[in-house]
Amino acid sequence: SEVLLIPGFEADPYRGLSPHPEIAEIRAVGLWRLIQGYRGFVVTTLSSFVTRLPAAERFLDQCIDLEVGRPFSLDELIAKLRQLGYVREDPVAGIGEYSKRGGIVDVYSPAHENPVRVEFFGDDIESIREFNPATQRSVTLLHTAHVIPIREFSVSAQEITDWHEKAPLHWKEVPYAEDLQEKLQFTGNGELFNGFEYLFPLVVDCRDSLLDYVGTQPKRFELIAPQPEEFFRALDELEEKWFDRFEDSCREGELALEPSRL
């Protein structure tokens, strides 16, 4: 049986740094495959196992299913791609990139082996083709294509606005003023700042864990933890470490959410 890898961020959530894009992408694909009903071994880390995630339904709602003949606004597609973390590049060469020329949108979703070229006629999808990124030539015609988030934490323009309004009320003490102002400059322009993933649970409901993503399918699963005593000891150490880092951040006037929110 094949093995599905869902790596942990392994980054300190209190360093103000977003996870490495490659790790974020591998995790997003893994979560998508779990929701799709993957059966087999899943290998993950302790920190990944305990990290809170946005709801599985929310993640699924953010996936875009494109189908030939189905009405879909080109502008809406572009707006959604940006929300899912895709970056505009011309020509499209790597995963997580998209480009737009007239009524044609190229997008490289990790759900497909190659990027796809979506041709619009007005607000209808006229054709979908998979193409070779090196030669830019069509490989096969497709009837449907899946565009999935390239990071598990994709936020809408409305959620950026919500955070922008709520953050000053949550971190209203004077020591936070400088860090708060810096981050509000981004959200005020509808943009995300580095490390937003660890501060956006303020407005995004993050109650699920990996087990909820597995649990979307009516199937049994077994949890295998090598040396369970060590597993629980490591869990306690991780909790302690995060709590210490949270307190350090607060002392230094850096915006932070308590470990229980993460």
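The structure holds 11 salt bridges, a salt bridge being a side-chain nitrogen of Lys or Arg within 4 Å of a carboxyl oxygen of Asp or Glu. Keep in mind that this is a predicted model: local features need pLDDT of at least 70, side-chain atom pairs count only at pLDDT 80 or more, and totals for chains, interfaces and linings use all residues. Residues are numbered from 1 along each chain as its sequence is written, and side-chain values use heavy atoms, with hydrogens and water left out. Helices (H or I, at least four residues) and strands (E, at least two) are DSSP runs, numbered from the N terminus.

**Salt bridges**

- Aspartate 106 and arginine 117 join their side chains in a salt bridge, at 2.8 Å from N to O. Aspartate 106 sits in strand 6 (residues 104-107) and arginine 117 in strand 7 (residues 116-121), so the pair ties together parts that are 11 residues apart in sequence.
- Aspartate 106 is buried, at a relative accessible area of 0%, and arginine 117 counts as buried too, at 15%. Here buried means under 20% relative accessible area, exposed means over 50%, and partly exposed is in between (1.4 Å probe, protein chains only).
- Aspartate 90 pairs up with arginine 101, and their closest N and O atoms are 3.8 Å apart. This one links distant parts of the chain, 11 residues apart: aspartate 90 is in the loop between strand 4 (87-88) and strand 5 (97-101), while arginine 101 is in strand 5.
- With 54% relative accessibility, aspartate 90 counts as exposed, whereas arginine 101 is partly exposed at 34%.
- Over in helix 8 (residues 228-251), aspartate 248 and arginine 245 lie 3 residues apart, about one turn of the helix. Their side chains meet in a salt bridge at 3.6 Å, N to O.
- Aspartate 248 is partly exposed, with a relative accessible area of 24%. Salt bridges link Asp12, Arg245, Asp248 and Arg251 in a network.

**Aspartate 208**

- Look for aspartate 208 in the loop between helix 6 (177-188) and helix 7 (210-214).
- Aspartate 208 is buried yet has no salt bridge, and the nearest side chain of opposite charge, arginine 207, is 6.0 Å away. For charges, Lys and Arg count as positive and Asp and Glu as negative, while His and the chain ends are not counted.
- The side chain of aspartate 208 does reach the backbone nitrogen of alanine 56, at 3.0 Å.
- Beyond its neighbours within four places in sequence, aspartate 208 is in contact (heavy atoms within 4.5 Å) with residues including Thr51, Arg52, Pro54 and Tyr213.

- Six strands make an open sheet in the order 4-5-6-7-8-9, with mixed pairing; two strands pair if DSSP finds at least two bridges between them. Strand 4 and strand 9 stand at the edges with a single partner strand each, so one side of each has no neighbour in the sheet.
- Strand 5 and strand 6 pair antiparallel over 4 bridges, and lysine 100 stands opposite valine 105 in strand 6.
- Strand 8 (residues 124-131) and strand 9 (residues 138-142) run antiparallel and are joined by 4 bridges. Isoleucine 128 has leucine 142 in strand 9 as its bridge partner.
- The hairpin of strand 8 and strand 9 has 6 residues between the strands, and glutamine 136 takes a positive phi near 65 degrees there.

**Helix 5**

- In helix 5, the buried residues are Glu159, Ile160, Trp163 and Ala167.
- The buried residues of helix 5 pack against helix 3 (56-62) and helix 6.

Technical notes. A polar contact is a pair of N or O atoms within 3.5 Å; within protein, one must be able to donate a hydrogen and the other to accept it, and residues adjacent in sequence count only if both atoms are side-chain atoms.
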